[in-house]
Amino acid sequence: MRNWILGLLILGLMGVLGSWPAMAEDDGGEVIFTRPIKAVIFSHERHVNMGLSCDDCHEGLFEMAAGTAEESGDFTMKSLYEGKYCGACHNGEMAFASNTKCTSCHIGVRGYNRLMGPKLEAHEHH
Amino acid sequence: MGFKKFSSWLEALQNEGTEHLPSEERRRFLKMGFLVTGVFASGSLLSLVSKVNKVYGAPEVYRRSYPYRPHYSMVLKIDQCVDCERCKEACAKTNHVPSYGWRTNILERRIPVAPDEYVTEFIPVLCNHCNVPPCVRVCPTKATYKDKKTGIVIMNYKKCIGCKTCMEACPYNARYFNEEKRAIDKCNFCYDTRLSKGEKLTACAAACPAGVRIFGDLSNPESQVYQMVHNPERVVWVLRPGAGAKPNVFYTKG
């Protein structure tokens, strides 16, 4: 009986682990920036659902390769106010301005841990 | 002017509206409000009083007297906090705070704005260095005391017996038991680690990338904290005012 339940649990876990990278491939998934500060969330899904296409941001504003913006050294709020990166749209005209609604994107260390916690746990079990 | 005369004079006044009043005029009006509060507290004047409190947020008693010089204080612009925890890191490094302890913390509040929709607010908290500190009152050994010069609530670790009564008394949960020191530890505005060495800011204020933590001397009209707390246009409040501890840590937005 106990083995049977354990088997089901493992199958379920494999299902969860198997499905999330596939989801990520569809629309880029969620990006969590941890530099220069922890942590900023970007949802590809939400932005694509608003009618934006990949080319609207890639390339020009953001390179396709993950981590490029974070390594550039100017991925800061000041750059955003100058119209770079997210600031190209988040200027108060096309979308809410970068210097408002801070916590819409900034999920903080708490938010980061909340998102990463279960995934890390799942990896450990794996 | 007697009370009857005064009230009839007050009722005869025309409402000019506040939209076009210059700020100097507003300031004078508000000052008059305080004066009236002190002398008469009855009848139609109460509405005047409640308006004053609405504009000022924090009760007047917090601001009139400054027993300490400098009177250290912190103003926190909570809507700018993004929980990056640089302040916590800087504090831990500067003051050797162990992983299980805290001198400052960041709370999170989710405010529902629509079904399945909420806005997040991060609230930095620390010792409020109260003017009437319950922790000092309850300490049986006087290990926790209010510094006579600066008003900072400081721990004398040698005197602390670890009874944790102060932890219970603190309305702000700003204290923890430090296993290594075998004593209660808490924020002291970096008094020993920075201020006494000539630094002007606490470690957390210096580390904040968003300018959330504004630290300074509340008794100095030139300081930013003074100007923020005394600005009649700005809403300023304190945590748990009902505790009556009269904190020196203020909250505001923008």
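I started with chain B: contacts (heavy atoms within 4.5 Å) between residues 24 or more positions apart make up 60% of those with a separation of 6 or more. The model is predicted, so to keep in mind: local features need pLDDT of at least 70, side-chain atom pairs count only at pLDDT 80 or more, and totals for chains, interfaces and linings use all residues. Residues are numbered from 1 along each chain as written, chains are lettered from A and ligands numbered from 1 in written order, and side-chain values use heavy atoms, without hydrogens and water.

Next I looked up the elements of chain B and found 9 helices and 9 strands. These are DSSP runs, with helices being H or I of at least four residues and strands E of at least two, numbered from the N terminus.

I then checked burial in chain B: of its 254 residues, 44% are buried (under 20% relative accessible area; exposed is over 50%, partly exposed in between, with a 1.4 Å probe and protein chains only).

I moved on to the hairpin. S2(B), residues 104-114, pairs antiparallel with S3(B), residues 117-126, over 10 bridges; pairing takes at least two DSSP bridges. Asn105(B) sits opposite Val125(B) of S3(B). Between the strands there are 2 residues, and Asp116(B) has a positive phi near 65°.

Last, I went to chain A, where Cys57(A) lies in helix H3, residues 54-57. Is Cys57(A) buried or partly exposed? Cys57(A) counts as partly exposed because its relative accessibility is 21%. I also noted 9.7 Å between the C-alpha atoms of Cys57(A) and Cys89(A), which are 32 residues apart along the chain.
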